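Here's a quick tour for someone who likes to know the cut-offs. Have a look at the sequence and model first.

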Amino acid sequence: MKILTAAQTRELDQATIREQHLTSAELMERAAEALVEWFCSLLDQEQAGEVLVLCGPGNNGGDGLAAARLLHQAGYQMRVALLPAETQSADWQHNRLHLPEAIPVADISEQQLPAILPGTVVIDALFGTGLARPLAGLAAALVAHLNAARARVVAVDIPSGLFTEAPQPREDVAVRAQHTVSFGTPKLAFLLPQNAEFVGEWHVKDIGLSQEFIAGSTTPWYYTDEAAVAGALPARAQFSHKGTFGHALLLAGSRGKVGAAVLAARACLRGGVGLLTARVPGCGYDIFQTSVPEAMCLADPQPNFISALPDLQPYQAVGIGPGLGQDAASLAVLQQLLQTAAATTAHQKPLPLVIDADALNLLGQHRELLALLPENTVLTPHPKEFERLTEPARDDYHRLELLRQFAQQRRCLVLLKGAYSCLATPTGELHFNSTGNPGMATGGSGDVLTGLLLALRADARLLPFQAAQLGVYAHGRAGDLAAAKTGQAGLIAGDIAHYIGPALREAEA
Ligand SMILES: NC(=O)C1=CN([C@@H]2O[C@H](COP(=O)(O)OP(=O)(O)OC[C@H]3O[C@@H](n4cnc5c(N)ncnc54)[C@H](OP(=O)(O)O)[C@@H]3O)[C@@H](O)[C@H]2O)[C@@H](O)CC1
Ligand SMILES: Nc1ncnc2c1ncn2[C@@H]1O[C@H](COP(=O)(O)OP(=O)(O)O)[C@@H](O)[C@H]1O
Ligand SMILES: [K+]
């Protein structure tokens with residue numbers, strides 16, 4: 001699903017009106033109906049108590065006025081407060097005229113901020129995608145008053161004060177909502193950690209906006225939902241054999257971290273690899289062979305870390321990093337891997353690599369090695385590892401820009417991990433993942449992801465981006481399936497590996 005800018009959202013609005021021969025008020029009515037339907041499913045009249053709608057002067061306020069009317073008709077006890085402005089939009093005026101007289105309406109002023117008791121349900125319809133500048137004056141005072149009130153807040157389209165695709169100066173206020181109900185497409189602001197305290201849980205409602213306009217829009221931002229990966233995993237042909245699905249090499253583990261190799265290997269096998277060989281330090285040989293009998297194992301001559309690169313000739317993809325440690329000998333292995341991979345081919349392409357964890361940290365310390373990365377290498381840094389590869393980011397938006405630049409410059413697929421993990425492509429696209437949950441914030445989750453990505457990169461049937469996107473999505477989906485059984489607190493990384501099969505099956509052609 002595409003993520004559009006505020007300007008594109010406005011054009012989308014107009015395109016929909018033209019294409020479907022609507023009035024803009026009719027489109028606003030759809031938005032209000034979608035909001036109200038969602039609201040009624042959240043709280044009934046009794047649970048809601050009095051509902052206060054705060055309305056700004058534009059179409060976001062217009063949505064609020066229309067929703068107030070519809071909720072009143074549904075039997076909710078409504079109150080409306082209007083933020084004064086020199087002019088109001090035409091559809092605002094339309095809905096103001098049609099507001100039932102039974103609903104009390106007050107004008108907001110510095111002297112008369114609306115009373116908001118703790119627990120009141122407030123619908124924030126002050127500003128939406130038309131926010132033109134940071135909040136100041138009365139609007140800022142109102143938002144501070146609302147945030148101090150400890151009300152239950154539902155934001156319409158986007159919490160007022162948040163920009164759709166840009167950061168706000170730090171001192172600015174924005175509404176802190178528990179829920180944000182948005183229309184048509186998700187907003188970039190929803191996907192960034194710095195906005196989580198404002199956005200709360202977000203919901204995107206389909207209001208029949210022009211699919212043709214969306215299809216024709218250019219954007220660097222995408223949201224990987226179920227539809228984006230549907231059918232991404234080709235069905236297995238009747239006469240396929242283990243060679244069909246690739247032979248992967250995993251370089252992982254050091255003394256005390258052999259578990260990382262075990263987890264990555266299990267995930268790789270569950271990811272459908274044909275054959276898996278793991279290079280582990282000498283101390284890991286028995287552990288590994290006992291824990292993952294389906295994989296082959298090449299013990300390193302060193303007992304505590306990996307010091308020598310096996311011959312790469314038999315392999316269709318190589319993963320390196322989980323539990324690797326940062327010994328100088330392992331750095332030399334990484335360097336040799338990068339040099340050799342560029343010259344080795346699988347499926348007539350540079351040997352696919354997946355680089356994670358300490359291998360990323362080593363790259364960060366020796367940035368001259370970045371120039372050796374073969375095209376379409378998959379790197380999976382969490383924000384700290386990404387900072388070591390690049391520079392500290394000013395904020396989440398700046399980090400996205402660094403991510404985009406890095407992926408373009410290095411012609412790699414770079415996955416910035418976390419909630420809504422963001423996959424950057426060599427062409428400058430950013431794909432935010434929709435699956436996963438905070439139960440996955442547990443040691444080893446990333447190792448499982450590396451193993452799964454390795455399996456999918458070894459599968460010659462998948463293009464590099466498809467493999468990475470499917471891997472990230474299925475990893476999160478496996479985490480969601482696992483959490484449904486164990487709860488988030490009880491989830492451990494091995495559970496994610498266990499559910500990779502069911503998660504991948506959902507994406508099978
Ligand atoms: N597109 C869609 O798909 C659909 C969109 N819909 C809805 O429309 C919303 C967008 O409406 P919108 O464009 O009228 O903008 P909106 O957010 O109401 O704000 C503009 C007003 O605020 C003012 N203003 C701005 N910044 C300010 C500030 N800092 N401090 C003070 N004032 C400030 C600005 O005044 P000005 O800048 O001219 O002074 C203007 O009056 C969208 O979020 C969604 O809810 C749905 O109805 C249908 C489907
Ligand atoms: N709050 C969250 N929501 C969704 N996914 C998460 C969340 N926290 C962590 N994850 C996922 O779990 C994995 C954690 O990886 P990483 O930080 O490398 O952990 P480790 O090094 O312990 O294996 C990533 O894929 C990340 O996207
Ligand atoms: K709003």
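What follows covers the ground rules, the domains, a helix pair and a ligand shell.

## Ground rules

This is a predicted model, where local features need pLDDT of at least 70 and side-chain atom pairs count only at pLDDT 80 or more, while totals for chains, interfaces and linings use all residues. Residues are numbered from 1 along each chain as its sequence is written, and chains are lettered from A and ligands numbered from 1 in the order written.

## Two domains

The domain assignment (bounds are automatic or from a database) gives domain 1 (6-218) and domain 2 (229-506). Their centres, taken over C-alpha atoms, sit 42 Å apart.

Six residues of domain 1 are in contact with seven of domain 2; contact means C-beta atoms, placed from the backbone, within 7 Å. The domain 1 side of that contact has five nonpolar residues, one polar and no charged. Here Ala, Val, Leu, Ile, Met, Phe, Trp, Tyr, Cys and Pro count as nonpolar, Asp, Glu, Lys and Arg as charged, and the others, Gly among them, as polar.

## Helices α2 and α4

On the α2 side (residues 24-42), the contact residues include M28, L35 and F39, while α4 (residues 59-73) brings in A66, L70 and L71, among others. Ten of the contact residues are nonpolar, two polar and three charged. Helices are DSSP runs (H or I, at least four residues), numbered from the N terminus.

## Around ligand 2

Ligand 2 has 18 residues around it, and A419, G436, A441, S445 and G446 come nearest; "near" means a C-beta atom, placed from the backbone, within 6 Å. Helix α16 (residues 445-458) supplies the largest share of the shell, four residues.

Terms used: Axes are lines fitted to C-alpha atoms, for helices over the stretch in contact, and angles run from 0 to 180 degrees between N-to-C directions. Helices (H or I, at least four residues) and strands (E, at least two) are DSSP runs, numbered from the N terminus. Two residues are in contact if their C-beta atoms, placed from the backbone, lie within 7 Å.
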